[in-house]
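I opened this notebook to keep track of what I looked up, one topic at a time. Here is the structure I was working from.

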Amino acid sequence: ALPAYACSALRHATAMAGLGCMEDGNTKENFKGAPLQEPVFVIGNTFVGNHTGLTGADSMVVLNNIFAETRTVALKRMRGDSIASHNLFWRNGKDHEDAPVEREKSFFVDPLLDPAFKPGAGSPGIDAGAVFWDRKGTRILELPRESYLGPAPDLGAFERQ
């Protein structure tokens, strides 16, 4: 069975990581990531102005997100079967480090967000997301049609109305 679609979120101006994976029950962010074997899906989020955008794990699928104005690294430490695709990167200290980013399916332009971090008119993130994701010929994720407007999901936490 395919995993359920998780809700999107805005992660803005955190002092540490917008989203951080850590091992051994550690609850203090150390930016090391975690050797998780369970699949983790990070889909449709907006990370703006954080110290670090996302510190990952060994089995992550990171799709349809916006990483903007991250002070250090937007996306780091994704190993094993991890993949990052259909994400938008803008004005980060560094876009990615130790993370398998599909550059040909990623965007490196101004997301044109409004003051509420929603896609503004002409945003390149509108209808630019992936609807499904296959790994090694097997469908591991498919977003329900009612979860987005238009022909494809918008990048980030908000659909343009």
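This is a predicted model: local features need pLDDT of at least 70, side-chain atom pairs count only at pLDDT 80 or more; totals for chains, interfaces and linings use all residues.

**Entry 1**

I found an open sheet of 4 strands in the order β2-β5-β8-β11, and its pairing is parallel. I noted that β2 (17–20) and β11 are the edge strands, since each pairs on one side only. From one strand to the next, the twist averages 10 degrees. Looking inside this sheet, I saw that β5 (residues 52–55) pairs with β8 in the parallel sense over 2 bridges, and that Leu 54 has Leu 75 in β8 as its bridge partner.

**Entry 2: the sheet with three strands**

Next I turned to an open sheet of 3 strands, which has the order β3-β6-β9 and is paired in parallel. Its edge strands are β3 (40–43) and β9, each of which pairs on one side only, and here the twist averages 5 degrees from one strand to the next. I followed the pairing of β3 with β6 (residues 60–63), where 4 bridges join the two parallel strands, and I wrote down that Phe 41 stands opposite Val 61 in β6.

**Entry 3: the nonpolar cores**

Which residues have the most contacts inside the largest nonpolar core? I listed Leu 54, Met 60, Val 62, Phe 67, Leu 75 and Met 78, in a core of 14 residues. Both β6 and β8 supply at least two residues of this core. I then took Leu 54 by itself and, leaving aside residues up to four places away in sequence, found that Leu 54 touches several residues, including Leu 19, Val 42, Phe 47, Met 60 and Leu 75. A second, separate core has 9 residues, among them Ile 83, Trp 133, Leu 141 and Leu 143.

**Entry 4: His 86**

Is His 86 buried or exposed? His 86 is found in the loop between β9 and β10 (88–90), and its relative accessibility is 16%, so His 86 counts as buried, the limit being under 20%. Not counting residues up to four places away in sequence, I saw that His 86 touches residues that include Leu 63, Asn 64, Asn 65, Lys 105, Ser 106, Trp 133 and Leu 155. I also recorded a polar contact of 2.9 Å between the side chains of His 86 and Ser 85. As a check on distance along the chain, I looked at Ile 43, which is 43 residues apart from His 86, and found their C-alpha atoms separated by 9.8 Å.

**Entry 5: Ser 123**

I looked up Ser 123 next, which lies in the loop between β11 and β12 and counts as buried at 7% relative accessibility. Apart from residues up to four places away in sequence, Ser 123 touches Pro 111 and Leu 112. A polar atom of the Ser 123 side chain lies 2.6 Å from the backbone oxygen of Pro 111.

**Entry 6: the salt bridges**

Side chains of opposite charge can pair when their charged atoms come close. How many salt bridges are there? The count comes to 7.

Arg 79 counts as partly exposed at 39% relative accessibility, and Asp 98 counts as partly exposed at 40%.

I then turned to Lys 136 and Asp 81, whose side chains meet in a salt bridge at 3.8 Å, N to O. Because Lys 136 lies in the loop between β12 and β13 (138–142) and Asp 81 in the loop between β8 and β9, the pair ties together parts that are 55 residues apart in sequence. Lys 136 counts as exposed, with 73% relative accessibility, whereas Asp 81 is partly exposed at 39%.

Another salt bridge joins the side chains of Glu 102 and Lys 105 at 3.9 Å, N to O, and Lys 105 is partly exposed, with a relative accessible area of 36%.

Notes. Residues are numbered from 1 along each chain as its sequence is written. Side-chain values use heavy atoms; hydrogens and water are left out. A salt bridge is a side-chain nitrogen of Lys or Arg within 4 Å of a carboxyl oxygen of Asp or Glu. Buried means under 20% relative accessible area, exposed over 50%, partly exposed in between (1.4 Å probe, protein chains only). Two strands pair if DSSP finds at least two bridges between them. Axes are lines fitted to C-alpha atoms, for helices over the stretch in contact, and angles run from 0 to 180 degrees between N-to-C directions. A nonpolar core is a set of buried Ala, Val, Leu, Ile, Met, Phe, Trp, Tyr and Cys residues joined through side-chain atoms within 4.5 Å. Contact means heavy atoms within 4.5 Å. A polar contact is a pair of N or O atoms within 3.5 Å; within protein, one must be able to donate a hydrogen and the other to accept it, and residues adjacent in sequence count only if both atoms are side-chain atoms.
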